[in-house]
Every structure is written in C-alpha cells, then in structure tokens.
Amino acid sequence: MVLQTVDLLKSEIPFEEESVAISEDVKTGLVLVDIINGFCTVGAGNLAPREPNRQINEMINESARLAKVFCDKKWPVLAFLDSHQPDKLEHPYPPHCITGTEESNLVPALRWLEKEPNVTIRRKDCYDGYLGSMEEDGSNVFVDWVKTNQIKALLVVGICTDICVLDFVCSTLSARNRGFLTPLEDVVVYSRGCATFDFPVSTARNTKDALAHPQELMHHVGLYMAKGRGAKIAKEVTFSAPEKL
Ligand SMILES: [Zn+2]
C-alpha cells in the first residue's frame, strides 16, 4: 500500500536528478545539515531513530565519503549542528538536541571533522541554517563563509530533507537571487546524502498533536521543493580533474 502511494507521488510530481561532477575549477563548499546523534543515532533522543534506518545510514556514509574528499583537498566544509537551550524549545517538536549533550554532537562517523582546519562548525537553534547563522551584530557566519572562501557552488547533504535541509536551501537561493551571496551560483542537493524520518500515518493517528511523516514520501517532496526553488538535485556526485588550458 505504502509503495503504491510513493509510486503515485513520484509519477504525479516527478523531477529530474542529475549526475554532478565537481571540478577543481569551480570553488565548491560542502554543507552538512544536522548530521548529529539526536537525529541519526538509534535511541539517542526524542527525535532519534528507534531502530536502524537504511536511508539515514546511507546519508551518513555518503556524507562521510564527501567530507573526506573535501578535507583531503582542503576545501571548505560547514557543519550545522542543531543545538537548543533547555528553556527554549522548538515547537512543535519535543525537547531535542539540548546544548552540551551528545544529542547535539556530530555522529561518530563524522566526529573527526571537529579537528579539521577547513571545517567550520555552526551550532544553530532553529530549522534554517541561514537564519541560524545570524549573529547579534547582524553579521552572518554562513554568508561570511561563502564570501571569505569565494564559494561558487554549494553541495548540501544532511537531515531532514524536507525540513532543515529544505529551509536552508530556500533561504540560500533567495539570498543568492537578491545578491547577498556573491559569488555563489549553484546549490546542489545530493539526494543519497539526505534523509528524513519515518512516522507513518498509523502511528500519528494514535499520537496527540503529531503530524504523519512517511519517510520516502517526505524525502521526495523535500527534494521536489528544493528543485522548485532552483537547486540542482544530484543522484550521484563525482570529482573531476581540472580542465587543462
Ligand atoms: Zn531543533
């Protein structure tokens, strides 16, 4: 039954995914959205998976693979970490990723990033990493990171495809269109590097105030919405040698 619904959705709102080759000729930055224990590690908190999840595991593996390539090349990486103060909850979700707990730290497969000189870690207390990068003085850590590194293309991975990844991509593309992010041109969302969570309608019906959130459907919708804002959706990401003059 669920499979039929997914097939129907994919046929009703189809979109094209492309193979993206990242070249050393185009300065590219990698953005990791919330690949932290509280969303990815089994049993780590209120919003963590209850059991091992194939899509989340693939997202972690692909993100770790890309992060390794970027760090080997000393290319810029920005990792957003959802981190909330205990007295400032994020409606409509239960308490999660409280600052100072393991929930708000990178997953074990990515923890090594904390020591890499090309990696910027940004803790944020809202869905949208763009807004979560704003400082009290009006500066923006993400905008400064793009400009300082002269980034022309962004590769985005993480969780959740239809929430924090999508919100960040929407804000970034609007800001780019308004000229706030020069020289940024392209935003690429890597579909296998993203995941969301599974909360089937049968469970949601028995849970007060909960919205159903079937994983495969919402992942597809998230990518579709990102595409609708002008992001490229990548089904695979490879690295190509620089063009010879
Ligand atoms: Zn949060």
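Visitor: How do you know that strand 2 and strand 3 pair, and in which sense?

Guide: Two strands pair if DSSP finds at least two bridges between them. Strand 2 and strand 3 (residues 77-82) have four bridges, so they pair, in the parallel sense. Val 33 sits opposite Phe 80 in strand 3. Just so you know, this is a predicted model, where local features need pLDDT of at least 70, side-chain atom pairs count only at pLDDT 80 or more, and totals for chains, interfaces and linings use all residues. Residues are numbered from 1 along each chain as its sequence is written.

Visitor: And what makes something a strand?

Guide: Strands are DSSP runs of E, at least two residues, numbered from the N terminus.

Visitor: What joins strand 2 to strand 5?

Guide: Six bridges do, and the two run parallel. Thr 28, for instance, has Ala 153 as its bridge partner in strand 5.

Visitor: Why is strand 2 called largely enclosed?

Guide: A residue is buried if 20 or more other C-beta atoms (placed from the backbone) lie within 10 Å of its own, exposed if 12 or fewer, and partly exposed in between. Six of the six residues of strand 2 (residues 28-33) are buried, so the rest of the structure largely encloses it. Both faces are covered: Thr 28, Leu 30 and Leu 32 on one side, Gly 29, Val 31 and Val 33 on the other.

Visitor: In what order do the strands of the sheet come?

Guide: Seven strands form an open sheet in the order 1-7-6-5-2-3-4, with parallel pairing.

Visitor: What makes strand 1 and strand 4 edge strands?

Guide: Each of them pairs on one side only.
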